[in-house]
Amino acid sequence: MTVSAMYPGTFDPITLGHEDFVRRAAKLYDKVVVAVAADTGSKTTMFSFDERVALATEALADIENIEVAGYEGLTIDFAQENGLAVIVRGLRAVSDFEYEFQLASMNRHLTQDVETAFLTPTDKFTFISSTLVREVATLGGDVTEFVSAKVKQALLKKVGRA
């Protein structure tokens with residue numbers, strides 16, 4: 001049986017933590033779609049939708065069984081429309097659990113056809129978030145350890161440091 005999964009997010013920008021997560025998920029599933037959300041309604045993004053899709057595509061180009069796709073609307077609808085059986089979500093800390101649990105429960109209420117699976121990050125990436133990476137870059141810090149070289153270049157350009 002072939003099992004395809006999706007890893008949704010805004011990826012603003014995609015970090016080495018995201019990349020590690022995708023590489024690990026790609027070992028578990030036959031296909032992983034990295035689904036870049038166009039608009040979450042609650043987040044204002046630094047990078048445009050097209051920039052986020054392009055950066056994720058470039059950062060993950062070496063992984064054979066993944067594809068990057070942008071989407072609008074409900075994540076669960078995207079999963080169903082694309083025959084994706086699993087939504088893979090990350091839990092960095094206990095504080096993530098309540099929100100992720102509610103989200104998984106809502107998705108299960110909307111359809112029984114898509115499951116949610118949780119992965120924890122590799123220890124060295126536990127503290128990395130796109131929000132913190134943007135803040136470090138904006139305030140003049142070095143983001144080399146948190147993002148790929150191409151993402152770093154785009155991020156520094158975006159914050160006026162390139």
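These are my notebook entries on a predicted model of one protein chain.

**Entry 1: confidence**

The mean pLDDT of the protein chain is 94, and 98% of its residues reach 70 or more. I then looked up the two ends of the range among the elements. Confidence is lowest in helix α4, residues 94-110, with a mean of 91. It is highest in strand β2, residues 31-37, at 98.

**Entry 2: the sheet**

Next I traced the strands. In what order do the five strands lie in the sheet? I read β3-β2-β1-β4-β5, an open sheet with parallel pairing. The edges are held by β3 (66-71) and β5 (115-119); each has a single partner strand, so one side of each lacks a neighbour in the sheet. On average, neighbouring strands here are turned by 30° against each other, direction ignored.

I followed two of the pairings down to the residues. Strand β4 (residues 86-90) and β5 run parallel and are joined by five bridges. Within that pairing, Ile-87 has Thr-116 of β5 as its bridge partner.

**Entry 3: helices on the sheet**

I turned to what packs against the strands. Helix α1 (residues 16-28) packs on the sheet and touches β1 (4-9), β2, β3, β4 and β5. The direction of α1 makes about 125° with that of β5. Helix α4 also packs on the sheet, where it touches β4 and β5. The direction of α4 makes about 170° with that of β4.

**Entry 4: strand β1**

I gave β1 a page of its own. Six bridges join β1 to β2, and the two run parallel. I noted one of the pairs: Pro-8 has Ala-35 of β2 as its bridge partner. Are the residues of β1 buried or exposed? Six of its six residues are buried, so I wrote the strand down as mostly covered. Ser-4, Met-6 and Pro-8 point one way, while Ala-5, Tyr-7 and Gly-9 point the other way, and all are buried.

In soluble globular proteins, nonpolar side chains tend to be buried together. With that in mind I looked for the cores here. The largest nonpolar core has 33 residues, and Ile-14, Leu-60, Ile-66 and Val-68 have the most contacts inside it. At least two residues of this core come from each of β1, α1, β2, α2 (49-59), β3, β4, α5 (130-138) and α6 (149-158).

Leaving out residues up to four places away in sequence, Leu-60 touches Ile-14, Glu-19, Val-22, Val-34, Ile-66 and Val-68.

**Entry 5: two loop threonines**

Last, I set two threonines side by side. Thr-15 sits in the loop between β1 and α1, and Thr-44 in the loop between β2 and α2. Thr-44 has a relative accessible area of 76%, over the 50% cut-off, so I call Thr-44 exposed.

The surroundings of Thr-15 were worth a note. A polar atom of the Thr-15 side chain lies 3.2 Å from the backbone nitrogen of Gly-17. Not counting residues up to four places away in sequence, Thr-15 touches Ile-128, Ser-129, Ser-130, Val-133, Phe-146 and Val-147.

For Thr-44 I checked one distance. Thr-44 and Gly-73 are 29 residues apart in sequence, and their C-alpha atoms are 16 Å apart in space.

Notes
Residues numbered from 1 in each chain as written. Predicted model: local features only at pLDDT ≥ 70, side-chain atom pairs only at ≥ 80, totals over all residues. Heavy atoms only, no water. pLDDT = per-residue confidence, 0-100. Helix = DSSP H or I, 4+ residues; strand = E, 2+ residues; numbered from the N terminus. Pairing = 2+ DSSP bridges. Axes fitted to C-alpha atoms, helices over the stretch in contact; angles between N-to-C directions. Contact = heavy atoms within 4.5 Å. Polar contact = N/O pair within 3.5 Å; in protein donor to acceptor, adjacent residues only side chain to side chain. Core = buried A, V, L, I, M, F, W, Y, C linked by side-chain atoms within 4.5 Å. Buried < 20%, exposed > 50% of the residue type's maximum accessible area, 1.4 Å probe, protein only.
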